[in-house]
Amino acid sequence: MLVEFAMQHAWLVPLLPACAFVVIVFLARPWQLLSAIVAVGSMATACFFATLAAIGIFTNHEYVEKPLVYATRWFSLGLPGMPDLRIDVGVQLDPVSAMMLFMVSFIATFIFLYSIGYMKGDPGYSVFFSYLSLFGASMLLLVLSSNLLQMFVAWELVGLCSYLLIGFYTHKISAREAAKKAFVTCRIADFGLLLGLLSLQIVFGTLNLTELAGKIEHFEEFTSFGMLTLIAVLVFIGPIGKSGQFPLHVWLPDAMEGPTPVSALIHAATMVVAGVYLVGRTMFLFHEVPSAMQLVAVTGGFTALFAATIAITQREIKRILAYSTVSQLGYMMLALGVGSLSASMFHLWTHAFFKALMFLGAGSVLTALHHKADVWEMGGLVKKMPITAWTFVIGGLAIAGIPPFAGFWSKDEILVSALNSGHYVLFAMAAFTAFLTAFYMWRMIFLAFFGAENPANHPQESPWTMTVPLLVLSVGACLAGLLGTPWHNVWGEWIRFGEAHEGPVNYGAMLLSIVLAGAGIFLAYTLYLKDAKKKRARKMAEWFGPVYRMLYNKYYIDELYLWFNHALVDGTAKLFYLFDIYVVDGIVNGIGAFARLSGDGLRVFQSGRLQNYVLVFFLGVLAVAVLMAFSGSTTAAGLVLGGVK
Amino acid sequence: MDFPILLAILLAPVAAALILAFVPREEHMLIRCIAAVGTFVSLALSLFAYFTYNQEIGGLQFVFGNNMPWIKDLGVTFFLAADGISLPMLLLTNLIGFSAVFASWNVNNRPREFFILLMLLITGVMGTFIAHDLFIFLLFYEVVVIPIYIMVVIWGSSKRVTKEYAGMKLTIYLLIGSAFLLVGVIALFVKTTAITGTPDMSFTGLAAAAQQLSPFDQTWLFALMLLGFGSLISMWPFHSWSPDGYAGAPTAVSMIHAGVLKKIGGYGLVKIALYMLPLGAKFWAPYMAVFGVIGVAYAAMGALAQKDLKYVVGYSSVSHMGYVILAVACMDVIGLNGAVANMFAHGVMAALFFSMIGFIYEKTHTRWIPDMGGLARQTPRLAVGFMLAAMASLGLPGLVSFIPEFTIFISAFNNYGGLAVVGIAGIIITALYVLRAGANTLFGPPRPEYDHLQDIKGPELVPLVVLGTVLVVGGFLPSLLFDMINSGVMPLHAAINDALQLGGNF
Amino acid sequence: METSIYSVIAFYGLAITILGNATLVIFARNIVHSVLFLAVTFIAMGGLFLLLDADFLAAVQVLVYAGAVCIMVVFGIMLIQRSDMKATNLFNRQTFAGAGLVALVVAMCAVFAGRTAWTDLVAAGEVPANTVQAIGELMLSKYVIPFEVAALLLLVALIGAIVIARDEEVKANAGN
Amino acid sequence: MPAISLTHYVVLSALLFSIGLFGVLTKRNAVAVLICIELMLNAVNINLVAFSKYITPADFVGQIFSIFVITVAAAEVGVGLAIIIAIYRNRLSVNLDDFDWLKW
């Protein structure tokens, strides 16, 4: 009964946080605690509904093939019966969106809760919760969208919230710049996505997901294969930006300027996976175009490796996590590219838990250390902050891929599907990335939580509002992967594109995965924990001097973009502006000056003397008379018209 | 006869101006209140008209004076009527007019004269949108020019250019534009009268007669109108009045000018030039599209190089109007809808932008972006308004300007392909300059010299509330706007289509 | 039409008087002399009107022009000129240009006068003897409105002239 | 000796008009200019009366027209002199060469 209601009114889920946003902005803002309660309460309620809706979906196998869709007209142009353009808004519930709906609302609830403690004392406390609520609403809307334009709206709104929250500490110039960078980078990507959507609308005449899925199967009736490829590539540009894929990943590490709950919620668990989600939703499109799939896979695989190499050398705790997020997003893309929606979504699901957990843990550490972010200046925190440290270790085990923690199962899924689809190079890259991941994560854990304590620090364990979410999420990080074990893959039955494939369990891949993870952890252990002075680590950095510097400076991509922006974009702008002032306006002013100068010239004739004027006047009279005499007309009109004739 | 609602809307500000003329000049508060009441009556009535317009029937409604000859020999009647295209524009005018009164709340230099001129300005703009007679249209248009000049020269501000220069440039450009227009209109009138034998200046009459003109005649007539309306809507390369003019003008004039006056150009292009001369439009459409796209990209780049807030918005409005021109050039249902809707959206956004900049200038006495920073801490409400306008400017979904831009993109991409892509790429540059201006003004370390600033409050909030509400409501319920515009565009498009099919048989 | 030798002589005599005096008006160096010559011109003009069978007009000419206008001008001169009236009526710098233009005007008039076939225009018939009565009747019937308007005009001109001429004094008094 | 015809009057009128015009163009004294305007008006009157006699002898149109001309001329002299006096009061001059006000 209640489940039925939740399924039929799934739109309530995004609406609740949206209402919270409005209530906080217009009513509750002066009272900090009230604002927080409104935000958390609404999100918890939304989570409750989302859970019910998810239960409804996951108890009926029909929805896997036939999503539950209800939509209404948003606007239409042209004749009512036969519109030239009609855009619907609605809700599409199927296992994928139900899973996302549950995941987003669940994690958001706990991160909201965490924020109550984390943001304590901030002057913008209420505003922060209003932004968070707005974000929650937009993200849930994105998840539920039944129409690509509706999804795009939500997509941009989450981008806006991301912008606002990255730049939340408005007085910091770095935050301001990071926010701007995030928005503009995503905007560049959205440009591609928008073009893709426009093409879809123009070619297929609809943006409704289900209708599109039906039409693209027979795309030959509408368009050529080349066009479809182009569309797929254009659509994919959007996710490249939003999900921080190479080469538009640059904004994501900078986004860590925002408060940590934001990093956990938006830049780890939910918003950044929107790109993955979008590709997953439009799988029917990519499925038709193998070359686009290839592009997705290569982009994902490369990004995973690329970001992992950068993460090795970084020093700030949140930056390491950010690059690891980029890397993990690359995994998800890779999985999509090799055709496994199931594996991708599975990794998305597990990643949300352990990465949110790790970010919150990092936030807890940062609060304790008064925002000293360099992992080399930490050390031995496990003694003073046991809950934070051990939950963080669980997260580390999960992301490194140690069974039975969540990350192992999903990463294994991805490796297996890469292998099964015959992408051996990508498989190798992914496997190597797994090793690197284990290494840099544990490097961070060993440096920060173990080893000798730094006497300059006086850490304290965080309050319950912060530790409870950590505990809950760590449970998730432990257990979330058990849904999709290769022996009994419940996940793959529900969340899939096309047929569920039951292959033999690939023990070889599993073993390789474990070995690589173990090797990574062991290497980190030897370099950073066993060797208390970290001599070997320093020596390694010296040996690989240029490489180390290049990695530490993120391959100088930011510098390149900055140069491009300043020299090229701003330079061109300046050029255009000068052109405008001097050429376009010059012509305008030139015409004005011409008029003035000719006026000055003619001014000589305006003596101001009556008798001069009379003289000229009679000259005119004479002229007219002479004209009359010669044309033979006797009237002025005759004179003029006769002349024309 | 029904209550002549359009006439009432038109006359409410005039009445306010008349009353103002008899108010003692020292009674500042009374003066402001009278102006506010005058514009509010107009606003309320036009809202009423907007929501009582019957979209099922469509066509011209609230007709007034179609049988009231004014100049018999020229076939001029004082014909007021509204359809789905003029009503949004009328509503826009009143929204902005009402807000402009409150944005000028702190004008203390001769407020009586200021508000009288403002009322006249609003009346003139409204008149152009509800006139259904070409002569009356031109007449109202000329009414607009005079107050603008006076207001810029007396209440304006001199920055890069002096206010006298700005006022002169603005006025002369508008007049030159209307001169081309006038030639076009007279030629059209003479030609059509020669065909039909009975002089008729009403839109419908002219349009019907103009269909019998030869394609050649239509082509050069359209060229004249394009020049005229093009310089009004600041089509590249006739745009350079726009940034300078806005920079020199007082807040209210900038709001009305960028918000609605510019739209007279677009409105005229759609409802006069396109409607009457479809064959000419067909010929010029590709050129218009090119000009539109150049305008979008060029002005966006220009905005990127600016350091004065008003110049940023000035260039950005040129850029946005490029989209409108591009959309008109598409000549299909989606494009025309998008063009009109984008004019509405841009009007609301630009007015909000200018009112916020006006407040910033009033409080900090600067518009120079490097001199600012961190205002979000000191004046949060102002920052909200500014960001709302900025986000609408870069076409954020959920605000009123996204859907119009989307429809324009669809239509332009469909009709012009690669050219449209260049135009659509403008959204990136727009994001860049808008965010840069917003970030450098509002965020960053707060400056101690602005610590004493008071946030906007009381009447100063009205522009933010009124225009902000429209921005958000229009963004989430686009059908409120689009159903109305669609009911106006459909018959127009049908007429154009018929003419083009006939024209094919020439 | 019968023309007596006397009327021919009278015409030429009057014409020479008019033109000669008019020339003197222009060339006299003393403005008062100019006005005197002007009076002579006007009176001669009255004679010419008699010759043209316009008795009433001749009387009006003498009364209004030779009488009123000349006296008024003399008063005007007395109000504004210095006591020394020598060299009060000189030529300005565009004399030669003016002369050239006038020559052209004369030439043009000559051409037109020559080209026009006057004889075709001339109608038969005599001017009625009692012109005064006829004009009086016309003035009060057909031309009554222009007549009244002219009267009004004169009134307005009178008041206007007083206002304009007195302006300064009124201000001066108000100042006191 | 040829009879006096319309042409004679027209020529006389033209000459008188030209003399008046010459005066208007060349005299420095404003009063003299006014006088010369009277001469020109009189030249016109000669034409009117002559045409009246020779072309429409019975209608008196020309004569009546002349009467109106005379009326207007009288009014004009009055107002003109008043203006000259006013100017003189302000500028202590009636020399037209001193005045170049007819420009912006």
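Student: How many residues does the contact take from chain C, and how many from chain D?

Tutor: Two residues are in contact if their C-beta atoms, placed from the backbone, lie within 7 Å, and in this predicted model the contact takes 73 residues from chain C and 63 residues from chain D. The largest share of the side of chain C that touches chain D, 12 residues, comes from helix 7 of chain C, where helices (H or I, at least four residues) and strands (E, at least two) are DSSP runs numbered from the N terminus. That side of chain C divides into 56 nonpolar, 13 polar and 4 charged residues, with Ala, Val, Leu, Ile, Met, Phe, Trp, Tyr, Cys and Pro counted as nonpolar, Asp, Glu, Lys and Arg as charged, and the others, Gly among them, as polar.

Student: What conventions lie behind the numbering and the features?

Tutor: Residues are numbered from 1 along each chain as its sequence is written, while chains are lettered from A and ligands numbered from 1 in the order in which they are written. Because this is a predicted model, local features need pLDDT of at least 70 and side-chain atom pairs count only at pLDDT 80 or more, whereas totals for chains, interfaces and linings use all residues.

Student: Which pair of chains shares the most contacts, and which chains do not touch chain B?

Tutor: Of the 4 pairs of chains in contact, chains C and D share the most contacts. Chain B does not touch chain C, their nearest C-alpha atoms being 29 Å apart, and chain B does not touch chain D either, with nearest C-alpha atoms 19 Å apart. The contact between chain D and chain A takes 8 residues from chain D and 10 residues from chain A, and the chain D side of that contact has 6 nonpolar, no polar and 2 charged residues.

Student: What confidence does the predictor give the complex and chain C?

Tutor: The complex receives an ipTM of 0.72 and a pTM of 0.81. For single residues one reads pLDDT, the predictor's confidence in each residue, from 0 to 100; chain C averages 83, and 91% of its residues score at least 70. Among the elements of chain C, helix 5 has the lowest mean pLDDT (75) and helix 2 the highest (91).

Student: How is the packing of helix 7 and helix 8 of chain A described?

Tutor: Axes are lines fitted to C-alpha atoms, for helices over the stretch in contact, and angles run from 0 to 180 degrees between N-to-C directions. The axes of helix 7 (residues 148–166) and helix 8 (residues 173–204) of chain A come within 9 Å and cross at roughly 175 degrees. Angles under 35 degrees count as roughly parallel, over 145 as roughly antiparallel, 65 to 115 as roughly perpendicular and the rest as oblique, so helix 7 of chain A is roughly antiparallel to helix 8 of chain A. By class, their contact has 14 nonpolar, 2 polar and 2 charged residues.

Student: Are B:Phe62 and D:Leu92 buried or exposed?

Tutor: A residue is buried if 20 or more other C-beta atoms, placed from the backbone, lie within 10 Å of its own, exposed if 12 or fewer, and partly exposed in between. B:Phe62 counts as buried because it has 22 C-beta neighbours inside 10 Å, whereas D:Leu92 counts as exposed because it has 9. B:Phe62, in strand 1 (residues 61–64) of chain B, has a positive phi near 55 degrees without being a glycine. D:Leu92, in the segment after helix 3 (61–91) of chain D, has a positive phi of about 55 degrees and is not a glycine.
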